[in-house]
Amino acid sequence: MLSRSSFTSLVVGVFAVYVAHTCWVMYGIVYTRPCPAAAGGGAAGCVWPYLARRPKLQLSVYTTTRPNIGAESNIDLVLNVEDFDIESKFERTVNVSVPKKTRNNGTLYAYIFLHHAGILPWHDGKQVHIVSPLTTYMVPKPEEINLLTGESATKQIEAEKQTNALDEPVSHWRSRLTLNVMVEDFVFDGSSLPADVHRYMKMVQLGKTVHYLPILFIDQLSNRVKDLMVINRSTTELPLTVSYDKISLGKLRFWIHMQDAVYSLQQFGFSEKDADEVKGIFVDTNLYFLALTFFVAAFHLLFDFLAFKNDISFWKKKRSMTGMSTKAVLWRCFSTVVIFLFLLDEQTSLLVLIPAGIGAVIEV
């Protein structure tokens, strides 16, 4: 049987291994090993960036009600950026026509093409594109009431109120579309391509070397609930803010993993609002501060565990109340339980709620 000191050492050791493993995994995500042959000027087994050729590119954004398109029929051009500069950040707002099918609780898709300037996307063999839905289904938020005047903050059509009264999910408009292009002239090792980036890559053979076309990425984490708008049947146009910024390879891989994690939560039954809270952790927080928060939270859990262990050991050894105030013990027990119930009612983070609950049980 392990002694108490040995058990504590084991727990601290497991914690240290966990932190070290997490750091190693994060390092593997943000750092990608380049092709070793590229350092010596060789090309065997390497995948080279097409952007290193500095092609003249054009960005085109189309909308359609179909998830797949094969030609230029039944699509609408909403944004066309000629002489697209991958290094220059921009943000533009355009008005998008909403088809009747979308107004009747349908879906509208955005097709984003990055292609050579002066050539239509479907005539360009080296174009890259990505698809993103501009609509999502969610239960409408309740109408806000001004407590001072008693008037509604938003006035909707009475028929729409009756439709939404059943608390059924209806089509909402995503008013923001955030695009990124990986701008690093990184040479990948063809034998060990990262799986997360590989699915976004399109490769072409140019002479004796293999090149990957520009990696186009849609930042889904920037799609927040606060930017959603209910699509009414009388709405014919809606604003869409298209923003672009370059992205590094390390951040791109990290963002892909985070989006996959949020998608997995939604598959497990998390609602759009629940997933939005998780998105806010990454979007509204600096990445370095987020990493610091992780380490602080991890050490907080370790110290909580050691404190609980000491409390349990103290009460197990205690045979009488000599030297202790019964009123103080009872008051501390009452206070701890009240604090736990308050945190439970406020739906506080589990990181705080679970230690508070364990502490309340020990006090009782």
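Are R253 and D196 buried or exposed? Both residues are buried. The points below place this pair in its setting; the model discussed is a predicted one.

1. **The pair R253 and D196.** These two residues form a salt bridge, in which the closest N and O atoms are 3.1 Å apart. R253 belongs to helix α6 (residues 249–267) and D196 to helix α5 (residues 195–198), so the contact ties together parts that are 57 residues apart in sequence. Both partners count as buried because each has a relative accessible area under 20%.

2. **A further contact of helix α6.** D260 also lies in helix α6, while R199 is found in the loop between α5 and β11 (203–206); their pairing therefore ties together parts that are 61 residues apart in sequence. The side chains meet in a salt bridge with an N to O distance of 2.9 Å. Here D260 is partly exposed, at 33% relative accessibility. R199 is likewise partly exposed, with a value of 48%.

3. **The pair R33 and D189.** A salt bridge joins R33 to D189, with 3.3 Å between the closest N and O atoms. R33 sits in the loop between α1 (4–30) and α2 (36–39), whereas D189 is part of strand β10 (residues 188–189), so this pair ties together parts that are 156 residues apart in sequence. The two partners fall into separate classes of accessibility: R33 is partly exposed at 48%, but D189 is buried, its relative accessible area being 9%.

4. **The count of salt bridges.** How many salt bridges does the model contain? The count comes to 6, and the pairs described above are among them: R253 with D196, D260 with R199, and R33 with D189.

5. **Strand β10 in its sheet.** Strand β1 (residues 46–49) pairs with β10 in the antiparallel sense, over 2 bridges. In general, the strands of a sheet pair through backbone hydrogen bonds, either parallel or antiparallel.

6. **The order of the sheet.** Which strands make up the open sheet, and in what order? The sheet has 4 strands in the order β10-β1-β12-β11, and the pairing is mixed. Strands β10 and β11 stand at the edges with a single partner strand each, which means that one side of each has no neighbour in the sheet.

Methods
Residues are numbered from 1 along each chain as its sequence is written. This is a predicted model: local features need pLDDT of at least 70, side-chain atom pairs count only at pLDDT 80 or more; totals for chains, interfaces and linings use all residues. Side-chain values use heavy atoms; hydrogens and water are left out. A salt bridge is a side-chain nitrogen of Lys or Arg within 4 Å of a carboxyl oxygen of Asp or Glu. Buried means under 20% relative accessible area, exposed over 50%, partly exposed in between (1.4 Å probe, protein chains only). Two strands pair if DSSP finds at least two bridges between them.
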